[in-house]
Amino acid sequence: MSEICLGIESTAHTFGIGIVDEEGNILYDEKSFYEPPVGEGLTPRKVFEYHAGNVGKIVKGAISREISVVAFSQGPGLPNCLSLGATIARYLSLKLNLPLVGVNHCLAHIEIAKMLTKCKDPVVVYCSGGNTQILALVDGRYRIFGETLDIPIGNAFDMLARILGLSMPGGPKIEELAKSGKWVELPYVVKGMDFSFSGIVTECEKLCKKSVRKEDIAYSFQETCFSMITEATERALAHTEKNEVLVTGGVAANRRFNEMLEIMCKDRGAKLYSVPIKYAGDNGVMIAWTGMKMFKTGITTRLSESQIKKDWRVDEVDVKWT
Ligand code: ATP
Ligand code: FE2
């Protein structure tokens, strides 16, 4: 009989549950998203309270299905949000007598993108609210070739959005504004394979105070940050001698980012794969699918080992599947 895995995502702003079968068919996919008031970041207590009041419907819809494995986001993320998802997963596992699998959230962004795009062995560009990393699978682990030295790119988008008075999540609004913007000079900060965004945000804030057009700030911000990541990705491709690039995480939804990576890939004879927009941001399906892959290679998580790992890095996870 085919296994059916239920996966719970609850690392930050999104609470989601997905159910998938062994072939990757998506049988259930529901989520709710906490949107902070304009000008405010994510306050852990408020996010938690929002989720706690909203998960009922999503959980109820999911548990009416036949399932054989329960997976959950074990980390990294906001501790109280992680605990909420982990507690529901532990309860389901005990109540239904099903194996439990703790999934690394970052790995799940990669695995769902691989499954949906069918790419094989890519250099991964993982750009989200909490991470900005260039990785590749080497000897059974995702090794980090380059990463942000300070804030993640999605976080930089959200900070800039707050400065410009836009609502959360900031990425899509900045992308829209940028369409009618013109170039203004911003710092370009690449150090070896790593990059940094906080100085760029500070410079944008100064420009905003000087009444530079929001559109121009948005445009120049995008062009600068995405060029930096594209440059480091190109070097990772050269270094690893791979011929696929996979872009995933919430920021992968950005069209201009995809365009730049596409041009670079073409120049190098590589192929760009981009996670479908619907699964770019956090979702339960990515946890269910990664849980399924882990389960199929014999990995389960004992209750005594199911404590949340708020700082769990992707390069600490053994990847025993292809
Ligand atoms: P992590 O995966 O590192 O834990 P996260 O789960 O918070 O972080 P995601 O849900 O993967 O992040 O992505 C959310 C981020 O993506 C937000 O910062 C949002 O602004 C950004 N984002 C979404 N759409 C776009 C877009 N079109 N352009 C740029 N950024 C975008
Ligand atoms: Fe995420």
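**Ground rules.** I am reading a predicted model, where local features need pLDDT of at least 70, side-chain atom pairs count only at pLDDT 80 or more, and totals for chains, interfaces and linings use all residues. Residues are numbered from 1 along each chain as its sequence is written, chains are lettered from A and ligands numbered from 1 in the order in which they are written, and side-chain values use heavy atoms, with hydrogens and water left out.

**Domains.** I looked up the domain assignment, whose bounds come from an automatic or database source. It lists domain 1 as 4-109 + 280-316 and domain 2 as 121-278. I found their C-alpha centres 26 Å apart.

**Interface.** How many residues of domain 1 are in contact with domain 2? I noted 19, facing 22 residues of domain 2; contact here means heavy atoms within 4.5 Å. Next I looked up the buried area, that is, the accessible area (1.4 Å probe) that two parts lose on being put together, summed over both. For domain 1 and domain 2 it is about 1,500 Å², and carbon and sulfur atoms give 57% of that. H109, A280 and D315 supply 35% of the area that domain 1 buries against domain 2, more than any other three residues.

**Links across it.** I counted two salt bridges between the domains, each being a side-chain nitrogen of Lys or Arg within 4 Å of a carboxyl oxygen of Asp or Glu. I also looked up R313 and E147, whose side chains form a salt bridge at 3.5 Å, N to O. On the domain 1 side, strand 3 (26-33) and helix 3 (105-117) are the elements that give two or more residues. Helix 3 gives the most, with four residues. Helices (H or I, at least four residues) and strands (E, at least two) are DSSP runs, numbered from the N terminus.

**Backbone.** Most residues other than glycine have a negative phi, and most peptide bonds are trans. I found a cis bond from G75 to P76, with omega near -5°; P76 is in the loop between strand 4 (69-75) and helix 2 (79-96). The bond from M168 to P169 is also cis, with omega near -10°. N97 is not a glycine, yet has a positive phi of about 55°.
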